Amino acid sequence: MEKLKLSTKIGYGTGDLASNFVFQMSVLYLMFFYTDVLGISAASAATIFLIARIWDAVNDPIMGVLMDKTKSKHGKARVYILYGSVPLAIITAAMFFTPDLGETGKIIYAGGTYIIWGMLYTMVNIPYSSLTASLTDVPQERTSLSSIRMIFMLFGVLAVSVAEPLLSAFETPAKGYFNTASLFAVLSVVFFLVCFKSTSSAKNNAKKSNEKYNLKDVFSLLSQNKQLLVITLASLIGNIAVFVRETSAIYFVSYNMGDGGLLPIFLGVVVVSMLLSNLLIPFATKKWDKKGTYIIGSVIAVIGSAVFHFLPFDNLALILIFAAISSFGIAAVSTLGWSMIADTIEYGEWKTGTRAEGISYAIYSFSQKLATAVAAGLVGFLLEFVGYVPNAIQTSTALSAILSTLTIIPIVFIILSVIVLIPYKIDKNLFAGILEDLKSKREDA
């Protein structure tokens with residue numbers, strides 16, 4: 001395939017902006033909304049996240065198989081972006097509604113809306129993510145696409161993270177969260193439609209999936225694509241670190257630093273640092289390839305987080321500096337996983353003869369959502385264990401636990417992620433050989 005137009009790359013990136021208008025509302029605010037606004041316990045909230053992910057283990061592969069079998073004039077992926085964005089927006093707003101129910105009723109409502117939200121997010125995001133492989137098979141172009149989508153993702157994170165003044169602009173927190181979620185939900189629809197319009201070439205470029213495989217064949221396909229399993233597991237572990245940090249940021253700023261109003265500044269610095277990192281990642285991969293850049297970023301993240309752990313809570317300048325350093329490094333974990341997963345699709349086709357974009361991205365997408373659930377579960381159960389009390393002065397034990405979610409816990413998961421990544425072997429030379437071999441087989445067919 002030829003080099004992609006910049007307009008196509010930017011249009012593709014707006015899809016991640018749209019995704020993160022709704023996704024980051026769930027990562028940054030939903031746990032806090034459940035505990036401090038809706039009024040359910042941290043343990044109940046954590047349980048909701050974990051149950052939803054158990055269902056995703058079934059739901060996501062089904063969506064992947066369904067996408068691979070879809071035939072539409074809009075292409076097998078883009079049709080879901082077109083028709084799924086509005087229902088996703090509606091359930092996002094509903095997720096932040098505060099019903100007048102007892103505690104049990106609120107738990108049931110929270111669990112129901114969050115599970116439905118996860119299913120609709122799957123329906124839109126798996127097809128959206130699969131467009132990387134459909135738009136280009138050039139490794140550097142895929143890295144460029146992934147970096148651009150991550151830049152737009154970070155714009156989404158920035159927009160949602162600085163929304164704290166908007167949350168506080170209404171007469172009650174309940175109205176603030178509902179109205180803010182509704183606003184971002186509407187914006188997500190707008191940008192999903194921009195993405196849909198801008199990626200029309202994907203329906204022409206997409207290589208035909210093997211339509212003979214069924215859900216029962218999924219485990220066989222996955223077991224033969226070891227590189228897919230390696231990068232999925234490495235990204236799952238690495239993104240637990242990412243999402244633990246995001247989930248706990250509001251608690252750290254509100255209680256350890258003692259001023260929730262600093263949240264936009266704290267997250268703004270984090271996001272800008274990750275933006276800068278994503279601008280440099282395409283250049284870094286030319287020198288160190290994707291795996292090497294992933295490892296280098298992880299080392300930077302570990303060093304920055306280790307220093308952060310020992311900073312005094314009242315030293316805003318140092319906190320922002322080392323939050324930026326650790327975030328600069330950890331951006332590689334978020335970005336390169338999406339680029340590397342695209343390469344495993346050709347690897348899987350080369351090994352098995354079956355091109356299964358939908359199921360590959362379904363497995364990877366499930367790992368991302370599982371990471372958010374594990375992160376929320378870790379934060380929620382840890383807060384419950386150390387005696388966290390919403391809207392109150394916290395004990396030193398609780399403050400130490402909150403700090404650990406930004407430092408010690410992410411460090412452990414980042415190191416584990418790098419260890420798991422070691423067997424990953426798709427580099428530039430191997431991938432070029434795979435493409436040549438696949439081209440020959442297609443010409444002979």
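Residues are numbered from 1 along each chain as its sequence is written, and side-chain values use heavy atoms, with hydrogens and water left out. Because the model is predicted, local features need pLDDT of at least 70 and side-chain atom pairs count only at pLDDT 80 or more, whereas totals for chains, interfaces and linings use all residues.

The secondary structure of the protein chain consists of 16 helices and zero strands, where helices (H or I, at least four residues) and strands (E, at least two) are DSSP runs numbered from the N terminus. Taken along the principal axes, the C-alpha atoms fill a box of roughly 70 × 45 × 40 Å. Among contacts (heavy atoms within 4.5 Å) between residues at least 6 apart in sequence, 85% join residues at least 24 apart.

The structure holds 14 salt bridges, each defined as a side-chain nitrogen of Lys or Arg within 4 Å of a carboxyl oxygen of Asp or Glu. One of them pairs Lys369 with Asp56, the closest N and O atoms being 3.4 Å apart. Lys369 lies in helix H13 (residues 357–385) and Asp56 in helix H2 (residues 42–69), so this pair ties together parts that are 313 residues apart in sequence. Lys369 is buried at 2% relative accessible area, and Asp56 is buried at 0%.

A salt bridge also joins the side chains of Glu357 and Lys76 (3.9 Å, N to O), linking helix H13 to the loop between H2 and helix H3 (78–95) across 281 residues; both Glu357 and Lys76 are buried. Lys290 and Asp343 meet in a further salt bridge (2.6 Å, N to O), with Lys290 in helix H11 (residues 263–308) and Asp343 in helix H12 (residues 316–352), 53 residues apart, and both of these residues are buried.

Thr132 lies in helix H4 (residues 103–135) and is buried, with a relative accessible area of 1%. In helix H10 (residues 226–256), Gln227 is likewise buried, at 4%, and its contacts beyond four places in sequence include Thr344, Tyr347 and Pro423.

At the surface, Ile408, Val412, Ile415, Leu416, Ile419 and Ile422 form a nonpolar patch with about 510 Å² of accessible area together. Patches are made of residues with over 30% relative accessible area and no salt bridge, like charges being joined within 9 Å and nonpolar side chains (Val, Leu, Ile, Met, Phe, Trp, Tyr) within 5 Å; accessible areas come from the Shrake-Rupley method with a 1.4 Å probe, and for residues only the protein chains shown count as cover. Leu416, in helix H15 (residues 408–421), is partly exposed at 39% relative accessibility.

Terms used: Buried < 20%, exposed > 50% of the residue type's maximum accessible area, 1.4 Å probe, protein only.
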